[in-house]
Amino acid sequence: MDTCVQPMLVSSQRADALKADSLSHASAQLGPHQLCELEMLLSGAFAPLAGYMGREDYESVLAGMRLADGRLWPMPLSLDVPEALAGRLGPGDKLALRDQEGFMLAVLTVSEVWPGDPAREAAALFGVPDVNRHPQARACAGRPPTWHIGGSVEGISLPLHADFPELRRTPAEVRAMFRQRGWRKVLGCQPQALPHNRQRAMLRQAAAAIEGSILLLREAGDAISGGALHFAGVRCAKLFAEGFPPNMLLVSLLPLCSKQAGPRQALFEALVQKNHGCTHTLIGPNHADPLDADGAPLYAPGAAQRLVADYEAETGIAMVPESAMEYVEEKAQYLPKAAIAPGMTVRDLSPAELKRRLEFDLDIPEWFTPAAVAAELRAVFPPRSRQGLTIFMTGLSGAGKSTLAKLLFVKFMELRSRPVTLLDGDIVRRHLSSELTFSKEHRNLNISRIGFVASEITKNGGIAICAPIAPYTSSRAEARALVTPHGGFIEVFVSTPLAVCEQRDRKGLYAKARAGIVKGVTGIDDPYEAPQHPEIGLDTSKLSPGEAVQEVLLYLEREGYLS
């Protein structure tokens, strides 16, 4: 095994000196993704990198997956900071890198500072014709512009983790375990989804083919932001490992969030696994391909396998292709797809079907996943009737949102099925967003705050009833994205026409807007972007408040949210 990769941590004496000197340094408080990257860098998982890339290396990696000196490395790495901080830094300056609590983890000696170009970099990194079809590429291209900082890093401490400390190991510690166990051939794998019995059969076959053992690297970012999904994912990985013979599989957590960059991502993962001591890497035909909104591949099938295989001689890690496995009822086991004879009964459970069975409390067969894993999934993904949910009403001022929200609040309190919180637009403006104006930026920020509060209520099994105007599609989509990992999100478009809203005009808002007294009134001189696919549409000019509320309750009953 290669033993040259070591953590980039300085001695205690040097650490004390860096801490003393840091009083005069600028500081950067790192976000969750940045902390993961710093931990990977300091642990040696990103060898041969010894710090954040300068501009020449960064551009060389984007263009050709190599550092400027020719060494293979496919993923760019720089420290991204706001312009205000970048403007205070120049070559030779020191920057203290701190976690969210202000604890100093490392010191960066700046070599270069340059402006980023998110759209261009996303196009080069992900290599897809249309970045808008790729979710991560779209998010990367749409980031606010930041500045890149390159330079060498001196590590003081790895980020601290309270969760699963027994599974958090540096590459050097993993390789030491390989030597202790006598593992000479090791197959590395980084499953993006939760592994089930199909993946167990596939891994055992692949390991048998190389006569080796298995390192399962479970990607695990920040435990706080990951919430229950993070803990369930790790527990399921541990339960999955119990289905293997002793001394065959090792689970280790990897502080990394996959960019899903297709073949480039596969090569990057292979190098990370090589740094952990793996001799082989398991690559699927659609490896690190998130698929587009219609489920179509974004990268050519097999491209990731071919790329990793092409670089085997240089990387020193061999590519092992995934073998498609299917459950055959007559054999009561998983078999390679190529070995299934005509007439055999093949069973499958798609991710969408698994989600449906969890939502409606239906049976999950043991041929698909062990009972212990199914129980863990049920604990984290309870049926809809026990999930938290957010009812997100949107519409013009005067459309009837607040009236409906208050009536729904009363109905849910009468049902006593869950705790209920009312987040009416005026209430939120008064208590959460009193300092905000009605500019587009501040309106989006207001909806972002509502979405965050609603996600916390939903996460903890409650019902959040939100009734802002929420005129912009992008902010409503952000609110949905915050809530849906934790429970239901029901968008209710209160589509009462503007003319009716103006006739009601209880606040006198429209009259002032028509008179030119106030500006920026939604529907008058500021646009309202109507939802295209809301779960529920209600026009209160045609429905009484009681009828409208009944429509919402009937929908929730049909969809399983009310038992």
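How many salt bridges does a search of the whole structure find? The search finds 27 of them, a salt bridge being a side-chain nitrogen of Lys or Arg within 4 Å of a carboxyl oxygen of Asp or Glu.

Good morning. Before the examples, a word on the source. The model is predicted, so local features need pLDDT of at least 70 and side-chain atom pairs count only at pLDDT 80 or more, while totals for chains, interfaces and linings use all residues. Residues are numbered from 1 along each chain as its sequence is written, and side-chain values use heavy atoms, with hydrogens and water left out.

I begin with individual salt bridges. One of them joins the side chains of Lys-259 and Glu-37, at 3.6 Å from N to O. Lys-259 sits in the loop between β9 (249–254) and α10 (262–275), and Glu-37 belongs to helix α2 (residues 32–43), so this pair ties together parts that are 222 residues apart in sequence. Helices here are DSSP runs of H or I with at least four residues, and strands are runs of E with at least two, numbered from the N terminus. Lys-259 is partly exposed, with a relative accessible area of 27%; buried means under 20%, exposed over 50%, and partly exposed in between, for a 1.4 Å probe and protein chains only.

A second bridge joins Asp-80 and Arg-143, again described from N to O, at 3.6 Å. Asp-80 lies in strand β3 (residues 79–81), and Arg-143 in the loop between α6 (135–141) and β6 (147–155), so the parts tied together are 63 residues apart in sequence. Arg-143 counts as partly exposed, at 32% relative accessibility.

Next, Glu-329 pairs with Arg-347 in a salt bridge whose closest N and O atoms are 2.8 Å apart. Because Glu-329 lies in the loop between β12 (325–328) and β13 (333–336) and Arg-347 in strand β14 (residues 346–347), the pair ties together parts 18 residues apart in sequence. Glu-329 is partly exposed at 40% relative accessible area, and Arg-347 is partly exposed at 35%. Elsewhere, a network of salt bridges links Lys-355, Glu-359, Arg-384 and Glu-559.

I now turn to helix packing. Two packed helices are described by the angle between their axes and the distance between the axes. How do α15 and α21 cross, and at roughly what angle? The axes of helix α15 (residues 401–415) and helix α21 (residues 545–558) come within 10 Å and cross at roughly 55°. Axes are lines fitted to C-alpha atoms, for helices over the stretch in contact, and angles run from 0 to 180 degrees between N-to-C directions. The two helices are therefore oblique to each other: angles under 35 degrees count as roughly parallel, over 145 as roughly antiparallel, 65 to 115 as roughly perpendicular, and the rest as oblique.

Helix α17 (residues 440–459) and helix α18 (residues 473–483) have axes that come within 8 Å and cross at roughly 20°. That makes α17 roughly parallel to α18.

Finally, which residues of helix α11 (residues 303–310) are buried? They are Ala-303, Ala-304, Gln-305, Leu-307 and Val-308. These buried residues pack against α10, β10 (280–283), α12 (312–315) and β11 (318–321). Thank you.

Methods. Contact = heavy atoms within 4.5 Å.
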